Amino acid sequence: MFGLNPRDTRFLLIVVFLTLATPLLLQPFPESSGLAQFNAGYPDLMQRFAIFGIFAIGFNILFGLTGYLSFGHAAFLGVGSYTVVWMYKLLGYNILPGLVLAMVISGLFALLIGFISLRRSGIYFSILTLAFAQMSYNLAYSVLTPITNGETGLQVYSNDPQVLMGANAPTSPHIFGLVMRDSVQLPVGDWLFTFNIGYYFCAIVAILAFYISLRIFRSPFGMMLRAIKTNQTRLNYTGLNPRPYTLAAFVISGIYAGLAGGLLAAMDPLAGAERMQWTASGEVVLMTILGGAGTLMGPVLGAGFIKYFENIFSKINDNVLHAWFAFLPDGLENFLVALMHPFVGKGWHLTLGILFMLVVIFLPGGLIEGGQRIARLFRRRPDSDSRHQPKPAPHVGE
Amino acid sequence: MGILEVKGVGKRFGGLQALGDVNLSVAENTVHAIIGPNGAGKSTLLNCLVGKLIPDTGSVMFDGQSVLGRKPHEINQMGISRVFQTPEIFGDLTVMENMLIPCFAKRDGAFRLHPFETVANERALNERALQMLEDLNMAEKRHMHAASLSRGDKRRLEMAMCLVQEPRLLLLDEPTAGMARADTNNTIDLLKQIKETRDITMAIIEHDMHVVFSLADRITVLAQGTPLVEDVPEKIKGHPKVQEAYLGQAH
């Protein structure tokens, strides 16, 4: 089905199910329980899961397959956001023209940066992309103020033309009347589920993005990209030119990033220069490596993991900790709170950093490799002599 | 007129004249060996043929067309495949994928954007790749990672990757370098099998005399960047100039 073999079709259907059921799955704790703060089923966070999932899927096509580590992908994210907000200002709040244009412009921008940066490989390529992204950031922040509105950030004002705005059109981002920030809330017992239009729009786009990446992984093009990572010398002497392949991968991942940036602005009609900063470029690298570079699901998992930490762990402050340990004697309570203090709240980066180090050291294949190892423990038959057989290569993207 | 014509090729690295005035003609459907002691310029000559180096003087014609100034992938697309001293294969890919890449390169050229096709659906190419693996007795290893193959199998796989492209000229750069005697003999048998079962032109660079004399139809002896003699193996064996180049001058 969909040009996939049965195994991949099943995989895709599972991904579709998980994505559509996210508002239920991420809300496992009742509202009144103390664990409710670990619920992640609110629209803003779910949208981020989907959007940064798209960003990471695209980044993985470049980094995971070809091994070219770009440190400047946030530039395309920013370009996408600015494009969408400009379309709000000029045309109106329908997000569709902006998203299409965001993909076109970020693709062209990626073509330019990729053409220059891909003249070098390895660390020099990374530095070139980083330099380009920082240039873009500084341009957006100061020089190009007429276009980007500098440090205030680009937003829609009441005197903007908005030529396509109908009299009764919604005054916030929408797609043909479906307003992104609208939600349906469904209380079931003590649980509260929120079904947000914005999330479902992002989810559908994310599923499409995932499907395209799956097709690329299984295509001759994807195979060539993996060959580039392994041995460029052999590729050259096999009659293949690596440059256009890497450039195509770079542009595709740039388009994914532009789309993700556009969706950020589609959920919240703002665009700021900080979206292009190097920390944002670094974040997508972390997501991809944490989840498992070169695997299909890994980058999405990594993106979800990091966004969850950013939004949930950062909310645990000392008061919450005191409430948790209130049942202990005062001295012990204070001691435990002091012990955990650096790792939660504003210190969530520390926890994430430690986790990242552990994953890179013990699971070089990322969270996906961890999952595979656990699955293998359960699957192993005691009397099989599989260890003495030549090991079959793992199926790409499991 | 041979399929490969090298005329007056010279290459200088700083103060070192690596190649003097090299003339070489490789006839179609023969095995031509280029031998010589270390530092004779064998590898430099090979690199000039595949586009890795550009000679300072002279011309290299393949099938009537100049290869000079062309990139390695363009020269491969003309019909020249190269086997390396240490096998260059795609280690992270499976043996079958290793075979499919040259098949795609042969069919689609140096670049084709085909992100929505599926490798598994390319029946003809898959069959061809598998057939070649069967010919070289590697079919049962097709699902293995290429990096986990033994050294001899890596060499065999690299050879299969070159042959599946049906090159008009196969260049081999010291195919038995660093191999144990048994592996060397296996490689010789493999090359003999290839020579007997296919119409193929091979140019072998080698310093192991044993390999050369059991395979070559013609031999060129290179010393200090210039060809000493070119002849059939029987004549080369006892040639005084060759003895001199290999063993030094008799005192």
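Student: Which residue in E10(B) is the bridge partner of Leu222(B)?

Tutor: A word on conventions: this is a predicted model in which local features need pLDDT of at least 70 and side-chain atom pairs count only at pLDDT 80 or more, while totals for chains, interfaces and linings use all residues. Residues are numbered from 1 along each chain as its sequence is written, with chains lettered from A and ligands numbered from 1 in the order in which they are written. Helices (H or I, at least four residues) and strands (E, at least two) are DSSP runs, numbered from the N terminus. In E10(B), Leu222(B) is bridged to Pro227(B).

Student: How many bridges join strand E9 of chain B to E10(B)?

Tutor: Two strands pair if DSSP finds at least two bridges between them. Strand E9 (residues 218-223) of chain B runs antiparallel to E10(B), and the number of bridges joining them is five.

Student: Why is one side of E6 and of E10 of chain B left without a neighbour in the sheet?

Tutor: The sheet is open, with mixed pairing and six strands in the order E6-E7-E8-E3-E9-E10 (chain B). Strands E6 (80-83) and E10 (226-231) of chain B stand at the edges, so each has a single partner strand.

Student: What is the average twist from one strand to the next?

Tutor: Axes here are lines fitted to C-alpha atoms, for helices over the stretch in contact, and angles run from 0 to 180 degrees between N-to-C directions. From one strand to the next, the twist averages 20°.

Student: Which residues have the most contacts inside the largest nonpolar core?

Tutor: Such a core is a set of buried Ala, Val, Leu, Ile, Met, Phe, Trp, Tyr and Cys residues joined through C-beta atoms within 7 Å. Buried means 20 or more other C-beta atoms within 10 Å of a residue's own, exposed 12 or fewer, and partly exposed in between, with C-beta atoms placed from the backbone. The largest core has 173 residues, and those with the most contacts inside it are Ile54(A), Phe55(A), Ala260(A) and Met99(B).

Student: Is Ala129(B) buried or exposed?

Tutor: Ala129(B) is found in helix H4 (residues 123-135) of chain B. Leaving out residues up to four places away in sequence, Ala129(B) touches Met96(B), Met99(B), Leu100(B), Cys103(B) and Val164(B), where contact means C-beta atoms, placed from the backbone, within 7 Å. Ala129(B) has 26 C-beta neighbours inside 10 Å, so this residue counts as buried.

How values were computed. Contact = placed C-beta atoms within 7 Å.
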